[in-house]
Amino acid sequence: MAEPLESDSSLLVVVLDANVGAWARSPLALDKALQQVVIFLNAYLALNTENRLVVLGATARECRFLHPSSSRAPEAADIQVYEQFRAADVRVLAGVAALVDGAGPDQAQAQAQAQAPSLISRALSMALCHISRVNALLTNKAWARVLVVSAGADSAREYISLMNSIFAAQKASVLIDVCKVLGADSVFLQQAADITGGNYVRVDVDAGESLLQTLMFTCLPDHYTRGILNAPYNQLIDFRATCFCHKRVVDIGYVCSVCLSIFCRTAPVCSTCHTKFSFRIVGPGARDGSSPNGTQNTNNPQNGSQSSTTGTPSAAMSSLNLG
Amino acid sequence: MAVQMGSEEEFKTTIAEYLESLPTQFCRRVFSSPAACLAIFRLLSTVGKQLIMSMLYLDAGLRTQDVLQCAKTEQQRMVKAKIAQLRRLQLVVEERGCVSLNPIFREQLRNALTGGGDFGSFGIPYAGPRDKRVTTAWLARHARERWEAILHFMVGRSATGAATVGEAPAAPLSRSVRDILRMSRLMEGGEGGMTITNSGFQFLLQDAASQVWTVLLQYLRLAEAQDMDVVEVLNFMFQLVGLKLGRAYSTEALTPHQRKMLSELRDFGLVYQDEHDPHRFYPTHLITSLTSGTRSSGAARDGAPAQSELTLSSDRGYIILETNCRVYAYTDSPLQIAILNLFMDMASRFANLITGMITRTSVRRALLRGITADQIITFLCTNAHPQMQVRVPVLPVTVTDQIRLWERERDRLRPTNAHFYKDFAQPQEFERMFRYAQEIGVILWANTEKHQLVVTRQGHAKIVELVKNHRALRLRFSCRQR
């Protein structure tokens with residue numbers, strides 16, 4: 001794609017983590033956070049009348065399109081708000097309320113779900129599908145980006161699908177911004193932001209940081225403005241991968257040399273592509289002449305950067321028997 | 001797209017300049033409405049918008065140095081210029097090395113985003129029953145008819161002759177419309193005998209949004225001349241820009257001045273108001289689409305009419321331009337034919353097609369009227385037939401280059417006030433004067449063999465000085481010798 005121009009419109013897909021369980025543990029209540037997000041959405045719409053907005057809600061159970069939805073916004077309830085804003089605001093607020101209520105009736109189930117993290121990877125793939133559909137329909141492309149407002153922790157189960165989404169986004173030059181509102185840093189989402197060229201910010205509400213101000217400062221600029229402004233300083237990013245067999249984050253792992261699947265322990269057969277390995281396996285302590293720079297971090301082109309904290313070369317299943 | 005943006009950007013800067021020229025007291029009152037703040041915000045550049053949004057929810061000021069540090073090193077100069085522009089518009093205050101937003105502007109822009117503040121800043125919808133007849137498509141057609149009637153009037157055809165464009169003959173132009181056309185020097189001459197001026201020709205070639213901006217600015221100047229409250233006019237204008245297309249709004253809460261303004265904007269087709277029902281009005285796309293940056297987006301959003309309706313003509317693109325400068329235009333609108341006639345020679349006319357040639361004489365005729373080559377090219381580009389639009393570049397390069405060359409041809413002669421020296425008594429005298437003139441860089445033309453020299457007027461004064469000094473020196477020298 002060509003360089004972004006000042007007059008180009010943008011397409012923003014916001015993925016809202018509406019997981020009640022996660023928000024309940026936060027110092028910032030969900031409704032307060034939601035108000036600030038809505039103001040941010042209005043600010044985005046105010047930038048350019050051509051700007052398009054999509055809002056997705058994600059819980060542990062489902063993902064749903066909140067903003068361009070078939071439900072009609074009620075007519076003219078509040079006349080003080082600019083028309084274009086009101087439609088989006090009403091839908092987002094009502095949509096999140098519906099999502100939260102949907103989890104309500106069955107207490108036991110709700111409890112179980114509250115522990116489970118939200119389906120961020122599913123929401124990301126829905127977002128990417130939407131972006132590619134919109135861009136196929138438009139005559140002149142809109143510059144697309146995704147903003148994930150995340151509250152929950154990483155789910156190791158999501159690693160593979162999330163990684164696939166990230167690389168798809170990178171190919172489509174879609175930026176992924178991540179705003180982590182509470183909890184520890186999300187390793188996967190950090191990688192998402194770094195690989196696609198987006199910003200990762202963590203809002204420390206306890207320390208007096210404002211979610212809204214952070215959003216306005218780092219997530220509002222479009223592709224064109226990002227070419228002018230500096231990206232916020234990014235702390236070290238954890239590039240560790242998760243093994244495919246037990247979904248554990250591994251420092252040192254084994255990589256199938258055919259399909260690049262990652263395993264935390266040796267196996268005679270790759271469970272992904274069913275390649276049979278020879279038994280002459282090179283362990284971490286063994287003489288390793290084949291690949292000092294293990295491909296543990298999958299095929300991420302940027303993993304050699306200074307930001308990687310775990311530069312430990314991993315051992316690969318270097319020799320294999322292709323039958 | 002960059003070329004197309006050009007003219008509109010120009011008009012945006014004009015409205016920005018107008019705002020800059022307002023005294024502080026006025027600005028404060030303009031900023032007191034959320035709708036005005038939002039409309040002004042949308043007129044800013046992308047970087048300006050980002051700067052404002054970054055500071056919107058900061059209570060303390062930011063150090064200018066820190067703001068500049070946010071930008072990449074090579075862009076800092078540009079960001080600095082943007083801050084200066086915001087300061088001229090009185091949107092930001094800069095004191096003791098800190099920048100912060102104008103408090104009134106900050107509060108009202110926050111209100112615009114959160115929906116607080118002044119009641120009914122974005123218009124009060126009409127509560128009565130809907131008029132089935134008025135749809136967005138109908139409004140678009142109405143606005144187009146009105147607007148084209150004005151353009152027809154400008155190109156010197158009676159509005160009623162435009163039966164092919166709209167079935168209902170448009171009403172004759174009202175006095176206020178004619179006043180504005182005359183005040184903006186788009187037309188000149190007294191009642192009955194108004195003729196179009198050179199700037200009027202340029203006006204015709206612009207896109208609709210730029211034309212509307214021109215008219216609105218003139219309206220502001222007219223309001224000033226009539227001792228109307230400019231702030232009230234501005235605020236109402238910005239309120240209209242923020243209204244939703246296709247919805248009826250109530251006139252109940254409007255002041256008499258605003259009602260008067262409404263009835264005058266109605267004559268331009270910027271709003272629609274039924275004569276028998278003065279309690280409501282509808283904004284048309286001409287005014288609601290003013291703050292949108294580009295007119296070129298693809299899919300129509302919900303509620304907004306398709307792009308084809310937003311362009312002036314009913315057809316989207318109708319011009320085919322060949323590499324041999326031949327033009328085929330699929331149109332039967334006398335207005336479009338008149339506009340094309342500004343810069344091309346007509347060859348033949350059929351029921352729905354005209355053919356012609358762009359020639360050196362026709363382009364020079366347009367250039368003499370003050371139309372620039374870029375305006376012609378932009379016009380052809382915007383109105384190119386869909387089959388031409390898919391090509392990159394849209395217009396044949398040979399033709400666009402040729403039009404630019406014809407424009408440059410006119411720049412061959414440049415008049416400059418000058419002084420001509422000749423018949424020097426001694427060659428040394430010429431040499432000395434020539435060297436001196438060369439040193440201070442004032443020579444326009446010189447012939448060292450014939451000892452002739454042409455210098456600029458500023459240079460002449462200095463040379464006279466030199467000669468005088470030299471004479472005095474020589475006189476003294478000769479005295480001493482004697």
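Student: Why does B:H451 count as partly exposed?

Tutor: B:H451 has 18 C-beta neighbours inside 10 Å, and because a buried residue needs 20 or more while an exposed one has 12 or fewer, B:H451 counts as partly exposed. Please keep in mind throughout that this is a predicted model.

Student: Where does B:H451 lie, and what is its phi?

Tutor: B:H451 lies in the loop of chain B between β14 (443-447) and β15 (452-456), and B:H451 has a positive phi of about 55° although it is not a glycine. That deserves a remark because most residues other than glycine have a negative phi.

Student: Is A:H274 exposed or buried, and how do you know?

Tutor: A:H274 has 9 C-beta neighbours inside 10 Å, and since the limit for an exposed residue is 12 or fewer, A:H274 counts as exposed. A:H274 is found in the segment after β10 (262-263) of chain A, and A:H274, which is not a glycine, has a positive phi of about 60°.

Student: What makes A:N51 partly exposed, and which residues is A:N51 in contact with?

Tutor: There are 18 other C-beta atoms within 10 Å of A:N51, and because this number lies between the two limits, 12 or fewer for exposed and 20 or more for buried, A:N51 is partly exposed. A:N51 is found in the loop between α2 (30-47) and β2 (52-58) of chain A. Leaving aside neighbours within four places in sequence, A:N51 is in contact with A:S9, A:S10, A:Y44 and A:L45.

Student: What is the span of α20(B), and what is expected?

Tutor: Helix α20(B) has 13 residues and reaches 18 Å from its first C-alpha to its last, close to the 18 Å expected at 1.5 Å a residue.

Student: Which strand forms a hairpin with β12(B)?

Tutor: β11(B) and β12(B) form a hairpin with four residues between them. Strand β11 (residues 345-349) of chain B pairs with β12(B) in the antiparallel sense over four bridges, and because two bridges are enough for strands to count as paired, four bridges qualify. In this pairing B:R349 stands opposite B:I354. Strand β10 (residues 326-329) of chain B is also joined to β12(B) by four bridges, and these strands run antiparallel, with B:R326 standing opposite B:M357.

Student: Why are β1 and β2 of chain B called edge strands?

Tutor: There is an open sheet of three strands in chain B with the order β1-β3-β2 and antiparallel pairing. The edge strands are β1 (62-63) and β2 (92-95) of chain B, and each pairs on one side only. β1(B) and strand β3 (residues 98-101) of chain B pair over two bridges, and B:R63 stands opposite B:C98 in β3(B).

Student: Which residues touch the most other members in the largest nonpolar core?

Tutor: In the largest nonpolar core, of 182 residues, A:V15 and A:L56 touch the most other members. α2(A) gives the most to this core, with 12 residues. Apart from it lies another core, of seven residues, among them A:A241, A:Y254, A:V255 and A:C270. In soluble globular proteins, nonpolar side chains tend to be buried together.

Student: What does the UniProt record place at residues 401-465 of chain B?

Tutor: According to UniProt, in an unreviewed entry, residues 401-465 of chain B carry the feature "domain: Transcription factor Tfb2 C-terminal". In the model this stretch is 49% helix and 22% strand, with its end C-alpha atoms 48 Å apart.

Terms used:
Residues numbered from 1 in each chain as written. Chains lettered and ligands numbered in written order. Predicted model: local features only at pLDDT ≥ 70, side-chain atom pairs only at ≥ 80, totals over all residues. UniProt positions renumbered as here; feature names shortened; annotations may be inferred. Expected span 1.5 Å × (residues − 1). Contact = placed C-beta atoms within 7 Å. Core = buried A, V, L, I, M, F, W, Y, C linked by C-beta atoms within 7 Å.
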